[in-house]
Amino acid sequence: MRLAVDAAMATPRAGGVGNYAMRIIAALASRNYLDVVALVPGFAAGYVELPPRTDGFRVEIVPADKSPGEGFYDRRARWEQDILPRHLDGSDREAFFGPAFMAPCDWPGPKVVTVHDLAFERSASYNTPESTAYHATWAPRCAREAAAVLAVSHYTRADIADLWGICKGVHVTHLAPCVDAPDSGAEDSARRVADAFSLTPPFALFVGDRFPRKNIRRLMAAITREESFGPAFPLVMTLPASEELTALAQQENASDHIRPIGRCPSDLLPHLYRTATFLVYPSLFEGFGLPPLEAMTCGTAVAATSAGAVPEVLQDNAVYFEPRDVDSIATGLGLLARDPSVRESLAERGSAHAARFSWERTAEQTVRAIQQSVAL
């Protein structure tokens with residue numbers, strides 16, 4: 001099968017969607033029965049991360065310069081809906097795969113798209129206005145015109161049926177951790193983290209971005225509550241220090257409780273997960289939720305939101321809290337901060353649970369859905 005893949009978002013800079021795109025493209029590239037071309041716009045050529053060329057996999061850089069004053073989402077829409085269909089016209093590709101919601105609507109061949117969540121449909125406040133407008137405009141149209149839709153959870157599949165009325169041709173393809181447990185011991189991980197960030201346990205860890213649905217304000221309010229934990233037990237955040245973050249911490253009296261360290265390099269992230277006393281994941285809405293599953297992979301306990309698909313993914317292997325209730329968040333954090341036996345039990349169970357997820361399975365399900373779309 002001759003497959004074209006949109007690789008514009010295949011970068012860790014794009015968060016969970018970017019990590020998924022990198023992993024699934026690598027998995028497709030490894031299958032010698034596929035002929036895969038990854039299409040990369042010129043403006044993304046410097047930061048996408050793709051596997052090396054093989055007989056069955058190659059990368060095409062498609063001319064697509066950034067226009068003056070053009071925003072990120074305008075650039076994406078121009079790439080997906082103008083440049084891509086023109087580039088694909090007359091090509092020998094039998095199908096197109098869009099791992100980040102979108103596909104070229106004007107290309108007549110069979111298309112498969114992955115839908116990660118419908119946060120932009122559930123609430124305009126979950127993401128930035130630009131992100132919400134872009135996804136609400138294009139994602140439902142791309143899904144309706146696709147021969148198959150991949151939903152990253154049963155929760156997301158139910159949302160697709162409920163909000164878009166699409167029930168046929170929707171396949172659930174769970175994701176898998178984008179990190180592996182470190183081969184070396186915990187002492188080596190702790191040393192690496194200390195050297196890189198001057199961090200030593202105990203500390204709680206937040207891994208994510210600053211989208212409003214990540215619920216950072218309530219998290220900061222929670223860590224100042226008596227039932228949570230004090231400044232001697234900081235919250236380490238993989239966010240850069242900024243005026244916005246500083247102002248938010250000051251408003252919540254949490255300045256002494258947080259430690260922003262910026263984006264953690266991918267080779268250090270497993271060691272940071274392992275060294276953390278526990279991970280906290282307070283999102284208001286998630287279509288899957290990779291960081292808590294990755295923390296479990298590295299043997300770390302998790303306190304997590306009860307919202308969205310997260311309970312589906314983590315099952316009974318985490319401490320859950322109500323993400324809109326600051327007291328509930330604080331109680332969950334305090335339990336893990338103060339009770340080593342709970343942390344140890346969750347870490348052991350979580351590690352075994354995370355091992356059930358694999359990119360091999362995700363890739364096989366993805367290929368099957370694409371092959372079925374071509375056969376229609």
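The structure is a predicted model, in which local features need pLDDT of at least 70 and side-chain atom pairs count only at pLDDT 80 or more, while totals for chains, interfaces and linings use all residues. Residues are numbered from 1 along each chain as its sequence is written, and side-chain values use heavy atoms, leaving out hydrogens and water.

**The sheet**
- Seven strands form an open sheet in the order E3-E2-E1-E4-E5-E6-E7, with parallel pairing; strands are DSSP runs of E with at least two residues, helices runs of H or I with at least four, numbered from the N terminus, and two strands pair if DSSP finds at least two bridges between them.
- At the edges, strand E3 (57-62) and strand E7 (170-172) each pair on one side only.
- Strands E1 (residues 2-6) and E2 (residues 35-41) run parallel and are joined by five bridges.

**Aromatic pairs**
- You can find eleven aromatic pairs here; rings of Phe, Tyr and Trp (its six-membered ring) pair if their centres lie within 6.5 Å, and planes under 30 degrees apart count as stacked, over 60 as edge-to-face and the rest as tilted.
- Tyr20 and Trp359 make a tilted pair, because their ring centres are 6.0 Å apart and their planes at 40°.
- Tyr20 lies in helix H1 and Trp359 in helix H14 (residues 359-375), so this pair ties together parts 339 residues apart in sequence.
- Both Tyr20 and Trp359 are buried (under 20% relative accessible area, with exposed over 50% and partly exposed in between; 1.4 Å probe, protein chains only).
- Phe72, Tyr73 and Tyr134 form one aromatic cluster.
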